[in-house]
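User: Hello! I am new to this structure and would like to learn how to read it. Could you show me?

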Amino acid sequence: MTVYDVTLQILSPLHIGDGGELRQDFDFVVKNGRTYRLDEDAILRAKEDQLKPDRSGQYPLPGRLLAEADYRNQALFRYVLPGAPRSAKSDARLKSFIKDVSDRPYIPGSSLKGALRTALAWVGWTEVRPKLDRAAIGRRRSWAAQPLERKLFGPDPNHDLLRALHVSDLFGPDAAGGGLQVINAQVLTTKNAGSPVELEAMIGDVAFHGTLTVDETLFSSSAERELRFSNRKHWLDELMARAQQHSQARIAELATWYDKAEGCEAIARFYHQLNEARVAANGAVLQIGWGAGWDGKTFWTHLQSDARLFEQLVSDFRLHKAAPGSPPRKAGDPFPRSKRAVMAVKQGVARAVAPMGWVLVELKTKE
């Protein structure tokens with residue numbers, strides 16, 4: 001085994017969801033611009049005498065039981081975050097960041113490995129040259145392009161090249177809710193912004209640590225007779241360089257897109273600075289989590305190399321969702337037409353200030 005220490009540094013707000021949504025007054029409350037994650041059990045025990053139904057038979061929501069003095073009692077809250085959702089309504093939603101049993105946020109190894117897999121597939125495509133046709137995509141959306149993946153990585157999970165790559169979960173701040181903040185996000189086109197989305201996100205100069213392991217035994221002469229991995233061993237030897245090559249191509253495209261988008265000057269500057277940044281040979285910038293986009297999670301330009309086939313895929317899988325009042329898609333129109341971005345809200349006006357999910361990953365051989 002070759003084992004590397006992994007350091008992952010946050011470059012722009014990161015959200016990796018746990019699949020759940022928190023609800024205002026049920027799971028959290030907002031006070032003076034801060035979001036308080038409720039410990040429902042502690043509140044119900046402390047407010048037991050107030051748990052009486054009203055005339056309609058409804059019991060009070062946990063958040064409605066709190067008095068002013070309760071906000072100084074940390075035992076009633078799992079954690080407290082800077083920032084607040086825009087909506088003040090009960091049942092307003094907030095997407096929850098993935099955390100361990102002690103409410104400490106972490107980054108699943110699968111999120112990082114998935115980004116690396118996408119990069120390896122995109123760069124390795126020109127070496128393997130899989131046949132691209134309608135049959136190679138398949139008809140089931142959840143299994144789309146699996147024949148292409150098999151050509152690139154191997155015919156089945158037991159013969160998949162990335163059997164040799166193991167990425168641990170990565171851990172950062174050792175505190176409940178540590179490093180998280182409530183942010184406002186929206187889906188943007190070059191002309192408009194969609195509905196608001198509220199997220200718990202990792203913000204600022206925060207680092208996460210874990211390990212990445214390459215199982216060298218799967219490249220031995222005895223394993224080669226069964227697995228046939230040796231012709232792609234260099235993919236893992238060049239892992240960071242290939243990841244950076246993929247990201248560099250995406251960053252250049254994204255900088256151009258945001259240059260054309262109205263009110264997105266701050267994000268355009270971010271991408272131009274990222275495009276000019278020097279990254280060490282043992283590192284790469286990657287985009288992971290919510291907001292990585294279609295181009296960050298698919299074969300991207302390779303699927304679009306056959307314009308006619310691509311338009312068929314857009315239609316078959318209903319990939320294009322036109323905004324109300326917008327014209328229908330025409331062959332050759334840019335795809336995707338929207339991006340997800342962090343918004344700063346001031347006096348009720350939102351402006352785009354940052355992209356989502358960019359991180360710097362560095363590997364160091366473990367001693």
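User: In what order do the three strands form the open sheet?

Analyst: This is a predicted model, where local features need pLDDT of at least 70 and side-chain atom pairs 80 or more, while totals for chains, interfaces and linings use all residues. Residues are numbered from 1 along each chain as its sequence is written, and side-chain values use heavy atoms, leaving out hydrogens and water. Strands are DSSP runs of E, at least two residues long, numbered from the N terminus, and two of them pair if DSSP finds at least two bridges between them. Here the order is β3-β4-β5, with antiparallel pairing. The edge strands, β3 (28-31) and β5 (77-82), each pair on one side only.

User: How many bridges join β3 to β4?

Analyst: Four, with β4 covering residues 34-38. Phe-28, for example, has Arg-37 in β4 as its bridge partner.

User: Why is the pair of Tyr-71 and Phe-77 called stacked?

Analyst: A pair of aromatic rings is described by the distance of the centres and the angle of the planes. Rings of Phe, Tyr and Trp (its six-membered ring) pair if their centres lie within 6.5 Å; planes under 30 degrees apart are stacked, over 60 edge-to-face, and the rest tilted. The centres of Tyr-71 and Phe-77 are 5.8 Å apart and their planes at 20°, so this pair is stacked. By contrast, Trp-257 and Tyr-258 are edge-to-face, with 4.8 Å between centres and 75° between planes.

User: Which residues do ring pairs link into a cluster with Trp-257 and Tyr-258?

Analyst: Phe-270, Tyr-271 and Trp-358 join them.
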